Amino acid sequence: MVDIDRRDFIKKGAAGVAVTSACLCGVNGCATYTGISNTPAANPDSITFDGSVLTVNLSSEPALRQVGGAVKVRNSDLPDELIIARVEENRFVIASLLCTHRGVELEYDRENTRFKCPSLGSSVFALDGANVSGMARKPLRTYEAVLESNSLTIRV
Ligand code: FES
């Protein structure tokens, strides 16, 4: 049996806790453990971007045809990655895709009409981007959208 004094035991225990904590948070932010929904990526054929205006052709974006649908828009030309949710028949909400805590991609929670972070920090944002709960301290950036016939126009 190896003798270990109390002070060494506490030091070794603290090192073990530190390693465990680092594993939970990963390199780029909170680890993702929960899946709130499976918000799909936008159909690339439905999106055009002219440098300042993003246009979504709703007739080629099946996920946005019904209230409660949402898509994630990742495009390297965009200044911000987005999540688009159809919250009412003629109302869309557009927000930054990445959680303001550590940048995990948000999901649209259609039952509660909120954006939720699936990470351990469990941040929740209202449709206007305000923090509701969780570890994020900054609100989400949101964007105005104009709906005309089957086209959604977003200035980014
Ligand atoms: S990244 Fe930590 S709560 Fe969203």
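**Notebook: a predicted model, entry by entry**

I began with Ser122, which lies in the loop between strand E7 (114-116) and strand E8 (124-125). Helices (H or I, at least four residues) and strands (E, at least two) are DSSP runs, numbered from the N terminus. I noted that residues are numbered from 1 along each chain as its sequence is written. I also noted that this is a predicted model, in which local features need pLDDT of at least 70 and side-chain atom pairs count only at pLDDT 80 or more, while totals for chains, interfaces and linings use all residues.

**Entry on backbone angles**

I looked up phi for Ser122 and found a positive value, near 50 degrees, in a residue other than glycine. Most residues other than glycine have a negative phi. I then asked how exposed Ser122 is. Ser122 is partly exposed, as 18 other C-beta atoms lie within 10 Å. For this I used these limits: a residue is buried if 20 or more other C-beta atoms lie within 10 Å of its own, exposed if 12 or fewer, and partly exposed in between, with C-beta atoms placed from the backbone.

I found a further positive phi at Ser149, about 45 degrees, although Ser149 is not a glycine. Ser149 is in the loop between strand E11 (145-148) and strand E12 (151-155). Ser149 is exposed, with 6 other C-beta atoms within 10 Å.

**Entry on the overall content**

I counted one helix and twelve strands in the protein. Read from the N terminus on, the order is α-β-β-β-β-β-β-β-β-β-β-β-β. Of the 156 residues, 27% are buried. Among contacts with a separation of 6 or more, 45% are between residues 24 or more positions apart.

**Entry on confidence**

I read the pLDDT, the predictor's confidence in each residue, from 0 to 100. The mean for the protein is 84, and 76% of its residues reach 70 or more. Over residues 13-28 the pLDDT is below 50, and this stretch has six contacts in the model beyond near neighbours in sequence. Where pLDDT is low, the predicted coordinates should not be read in detail.

**Entry on the sheet that holds E3 and E10**

I treated two strands as paired if DSSP finds at least two bridges between them. I traced an open sheet of four strands in the order E3-E4-E5-E10, with antiparallel pairing. Strand E3 (70-73) and strand E10 (142-143) are at the edges with a single partner strand each, so one side of each has no neighbour in the sheet. Strand E5 (residues 91-96) pairs with E10 over two bridges in the antiparallel sense. Here Ala95 stands opposite Thr142 in E10.

**Entry on the sheet that holds E6 and E9**

I found an open sheet of four strands with the order E6-E7-E8-E9 and antiparallel pairing. Its edge strands, E6 (107-109) and E9 (131-133), each pair on one side only. Two bridges join E8 and E9 in the antiparallel sense.

I then followed Phe125, a residue of strand E8. Which residue in E9 is the bridge partner of Phe125? The partner is Asn131. Phe125 is buried, with 26 other C-beta atoms within 10 Å. The C-alpha atoms of Phe125 and Phe115 are separated by 5.1 Å, with the two residues ten apart along the chain. Beyond its neighbours within four places in sequence, Phe125 has contacts that include Arg114, Val132 and Leu140.

**Entry on E12 and its partners**

I recorded antiparallel pairing of E2 with E12 over five bridges. Thr55 stands opposite Thr153 in E12. E11 and E12 also pair in the antiparallel sense, over four bridges, and Glu148 stands opposite Ser151 in E12. E11 and E12 form a hairpin with two residues between them, and Ser149 is in the turn. On E12, the covered face has Leu152 and Ile154, and the uncovered face has Ser151, Thr153 and Arg155.

**Entry on the core**

I looked last for a nonpolar core, that is, a set of buried Ala, Val, Leu, Ile, Met, Phe, Trp, Tyr and Cys residues joined through C-beta atoms within 7 Å. The largest has 28 residues, and Ile83 and Ile84 have the most contacts inside it. Strand E2 (53-57), E3, strand E4 (82-88), E5 and E12 each give two or more residues to this core. Residues up to four places away in sequence aside, Ile83 touches residues including Ala70, Ala95, Leu106 and Phe115. In soluble globular proteins, nonpolar side chains tend to be buried together.

Definitions and conventions:
Contact = placed C-beta atoms within 7 Å.
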